[in-house]
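Let's go through a few labels together and check what stands behind each one. Take a look at the model first.

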Amino acid sequence: MLTIRLNRTGKKNAPSYRIVLIKKTASPKSGKFLELLGNYNPRLKEVKLNKERIEYWLGQGVKTSDTVHNLLVSNGVIDNAKIKKKFKINKKKVEEKVEEKVEEKVEEKVEEKVEEKIEKEEFAPPGGEEKEVDKTEKKE
């Protein structure tokens with residue numbers, strides 16, 4: 001299966017990319033691409049595309065990487081919407097956040113039940129039976 005993707009070239013801290021047609025399983029740095037379809041320099045914001053060949057290969061059913069797809073959309077080669085960036089999820093952080101939320105909910109439920117029982121006067125004061133207090137009398 002073939003794909004159109006970026007192949008990094010250039011010096012350290014000065015990237016530039018080739019837009020190439022390559023086998024999907026090939027290593028990005030192998031240099032064994034089938035056809036050079038354009039160049040992209042992110043530092044100078046330069047994009048050079050061979051639109052005829054890109055349209056030909058897209059017509060043949062070749063897929064593009066997300067970044068190349070967005071480049072082609074912004075340069076008017078294809079008329080689709082841009083693809084949003086995919087983020088990697090750190091499982092440990094997600095699990096910690098879920099545990100914190102569960103603990104908070106449990107604490108809230110316990111507090112609610114305690115308040116309900118207090119309102120229902122199910123708790124007796126320490127030392128035995130409840131004593132009725134007349135609230136109309138003032139303490140001196």
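Q: Why is R53 called partly exposed, rather than buried or exposed?
A: This is a predicted model, and in it R53 has a relative accessibility of 29%. Buried needs under 20% and exposed needs over 50%, so R53 falls in between and counts as partly exposed.

Q: What makes E35 and R53 a salt bridge?
A: Their side chains meet at 2.7 Å, N to O. The cut-off is 4 Å between a Lys or Arg nitrogen and an Asp or Glu carboxyl oxygen, so the pair of E35 and R53 qualifies. E35 lies in strand β3 and R53 in helix α1, so the pair ties together parts that are 18 residues apart in sequence. By this rule the count comes to one salt bridge.

Q: Is E35 buried or exposed, and how do you know?
A: E35 has 18% relative accessibility. The limit for buried is under 20%, so E35 counts as buried.

Q: Why is N7 called buried?
A: Its relative accessible area is 7%, and under 20% is what the word requires. N7 sits in strand β1, and its contacts beyond four places in sequence include Y17, P28 and F33.

Q: How do you know that K120 is exposed?
A: K120 reaches 59% relative accessibility, and exposed means over 50%. K120 is found in the segment after α3 and belongs to a surface patch of positive charge, with K113 and K117 among the other members.

Conventions: Residues are numbered from 1 along each chain as its sequence is written. This is a predicted model: local features need pLDDT of at least 70, side-chain atom pairs count only at pLDDT 80 or more; totals for chains, interfaces and linings use all residues. Side-chain values use heavy atoms; hydrogens and water are left out. Patches are made of residues with over 30% relative accessible area and no salt bridge: like charges are joined within 9 Å, nonpolar side chains (Val, Leu, Ile, Met, Phe, Trp, Tyr) within 5 Å. Accessible areas come from the Shrake-Rupley method with a 1.4 Å probe; for residues, only the protein chains shown count as cover. Lys and Arg count as positive and Asp and Glu as negative; His and the chain ends are not counted. The place of a charge is taken as NZ of Lys, CZ of Arg, CG of Asp or CD of Glu. Helices (H or I, at least four residues) and strands (E, at least two) are DSSP runs, numbered from the N terminus. Buried means under 20% relative accessible area, exposed over 50%, partly exposed in between (1.4 Å probe, protein chains only). Contact means heavy atoms within 4.5 Å.
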